[in-house]
Amino acid sequence: MKASSPSASATMICGPETVKNVTTLMGMRTPAPARATWANRLYTCTYQLPGGPLVLSVKESSDAATARSYFNALRSRLGRTTPLTGLAALGLPAYEKTNGTVVFLKDNMTLQVDATALPPRVGPQNTTRADLAYTVATDILACWSGK
């Protein structure tokens, strides 16, 4: 993996399938504008939704141990979190905040979905922002094939 460009797994957070999923979850007729950035091995995709931004990011670490350190440091920065366990964690290390942030660790990548800038309830199903963040994250993880 080259540090100069993100992996295909990372870029899928701004790819057509994720755009479609976000559009559907939000009940939008047209895709939300999305802006991607890549810096310091962090690929970020920000969706401009009617209620505010939805921010997805993937930190690509050089190896699993470095990824675990980043995952743990991010947890410390976020403050009080709740571990996801059992089926909710999909067999991966994961945690969430009830305000709309969810983080998963897979191989050398840390996926974070941040819906905290959105209203407390969003979309046609009146979904909580925490449930939106979890749903988006699990949709992405279902497509990741590994490193």
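Me: What should I know about the numbering and the confidence limits?
Reply: Residues are numbered from 1 along each chain as its sequence is written, and side-chain values use heavy atoms, with hydrogens and water left out. Because the model is predicted, local features need pLDDT of at least 70 and side-chain atom pairs count only at pLDDT 80 or more, while totals for chains, interfaces and linings use all residues.

Me: What is the order of the strands in the open sheet?
Reply: The seven strands run β1-β2-β3-β7-β6-β5-β4, with antiparallel pairing. Strands here are DSSP runs of E with at least two residues, helices are runs of H or I with at least four, and both are numbered from the N terminus.

Me: What makes β1 and β4 edge strands?
Reply: β1 (34–39) and β4 (82–83) each pair on one side only. Two strands pair if DSSP finds at least two bridges between them.

Me: How do you know that β3 and β7 pair?
Reply: Six bridges link β3 (residues 52–60) to β7 (residues 109–114) in the antiparallel sense, and pairing asks for at least two. Along this pair, V58 stands opposite L111, and K59 has T110 as its bridge partner.

Me: How do you know that β2 and β3 pair?
Reply: Eight bridges join these antiparallel strands.

Me: What joins β1 to β2?
Reply: There are six bridges between them, and the strands run antiparallel. A36 stands opposite C45 in β2. The two strands form a hairpin with two residues between them, and N40 in the turn has a positive phi of about 50°.

Me: Why is β3 called largely enclosed?
Reply: Seven of its nine residues are buried, so β3 is largely enclosed by the rest of the structure. Buried means under 20% relative accessible area, exposed means over 50%, and partly exposed lies in between (1.4 Å probe, protein chains only).

Me: Why is T44 called buried?
Reply: T44, in strand β2, has a relative accessible area of 15%, so T44 falls under the 20% limit and counts as buried. Leaving aside neighbours within four places in sequence, T44 is in contact (heavy atoms within 4.5 Å) with residues including I13, R35, V55 and L56.

Me: Why is T138 called buried?
Reply: T138 belongs to helix α4. Its relative accessible area is 16%, which is under 20%, so T138 is buried. Beyond neighbours within four places in sequence, T138 is in contact with L90 and F104.

Me: Why are α2 and α4 called roughly antiparallel?
Reply: α2 and helix α4 (residues 129–141) pack at about 150°, with their axes 10 Å apart. Axes are lines fitted to C-alpha atoms, for helices over the stretch in contact, and angles run from 0 to 180 degrees between N-to-C directions. Angles under 35 degrees count as roughly parallel, over 145 as roughly antiparallel, 65 to 115 as roughly perpendicular and the rest as oblique. The angle of about 150° is over 145, so the two helices are roughly antiparallel.

Me: Which residues meet where α2 packs against α4?
Reply: T18, N21, V22 and L25 in α2 meet L132, T135, V136, D139 and I140 in α4.
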